[in-house]
Amino acid sequence: MMITFHAIGMGVMVGLSVILDARLLGWFLEIPYSALQRFLGVAWLGFGINFLSGASLFTTQAPDYVVHVIFMVKMSLVVLGAITAAVLQNIVARESATWGQGAAPTNVKIIAWLSIIFWVPAIVTGRLAAYI
């Protein structure tokens, strides 16, 4: 049951984050930033589901996971992904009205690329951790 919740939470958080990242990078120009801003609360709900289900899964094998490199890399990537999501959420809320319908400024695009770079390997290492 917990792995199901974990997959759902991950799909919601990472899925919505990557959609926002793609929009910031210039894809889906017809979607206004204000529409995406409304979904970011749902993304954090997915993150909360992931946190709770992940904590539950972690407690079943905590001694093994704490010393395993793959798990520690995964957790580092998740933290970095969450930080980039929070930073982008704040930037979009404050500044997106000045961008019009175009892509975001270069510094914001860099953060969006970092977000993708953190989330994708976090998913891969999460799957690898299942085989520890």
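I count a contact when heavy atoms lie within 4.5 Å. The model I am reading is predicted.

**Entry 1: the main core**

Leaving out residues up to four places away in sequence, I find V108 touching L24, L88, I91 and W99. I then took the largest nonpolar core as a whole. I count 15 residues in it. L20, L24, L88, W99 and V108 have the most contacts inside this core. I checked which elements build it. Two or more residues come from each of α1 (2-24), α2 (33-60), α4 (69-95) and α5 (106-129). α5 gives the largest share, four residues.

**Entry 2: a separate core**

I found another core, lying apart from the largest one.

**Entry 3: a lysine in α4**

I went to K74, which lies in helix α4. Is K74 buried or exposed? The cut-off for buried is under 20% relative accessible area. K74 has 14% relative accessibility, so I log this lysine as buried. Which residues does K74 touch, if I skip those up to four places away in sequence? I list H6, A122, T125 and G126.

**Entry 4: the largest cavity**

I turned to empty space. Rolling a probe the size of a water molecule over the atoms shows where such space is left. I searched the whole structure and got two cavities of 30 Å³ or more. The largest has a volume of about 70 Å³. I read its lining as M13, S17, L20, D21, L40, A43, W44, A85, L88 and S115. Which helix gives the most to this lining? I find α1, with four residues. α1, α2 and α4 each supply at least two. I sorted the lining of this cavity by class: seven residues are nonpolar, two polar and one charged.

I cross-checked names against the cores. L20 and L88 line this cavity, and both are listed with the most contacts inside the largest core.

I noted about 40 Å³ of space in the second largest cavity. L16, I19, L20, L36, F39 and L40 line it. α1 and α2 each supply at least two residues of this lining. By class, I get six nonpolar, no polar and no charged residues here.

Methods
Residues are numbered from 1 along each chain as its sequence is written. This is a predicted model: local features need pLDDT of at least 70, side-chain atom pairs count only at pLDDT 80 or more; totals for chains, interfaces and linings use all residues. Side-chain values use heavy atoms; hydrogens and water are left out. A nonpolar core is a set of buried Ala, Val, Leu, Ile, Met, Phe, Trp, Tyr and Cys residues joined through side-chain atoms within 4.5 Å. Buried means under 20% relative accessible area, exposed over 50%, partly exposed in between (1.4 Å probe, protein chains only). On a 1 Å grid over the protein atoms alone, a cavity is a set of points where a 1.4 Å probe fits but cannot get out, and a pocket is an open set with protein on both sides within 12 Å along at least five of seven lines; lining residues have an atom within 4 Å of a point. Grid points are joined across faces, edges and corners, and a volume is the space filled by probe spheres set on the points. Ala, Val, Leu, Ile, Met, Phe, Trp, Tyr, Cys and Pro count as nonpolar, Asp, Glu, Lys and Arg as charged, and the others, Gly among them, as polar.
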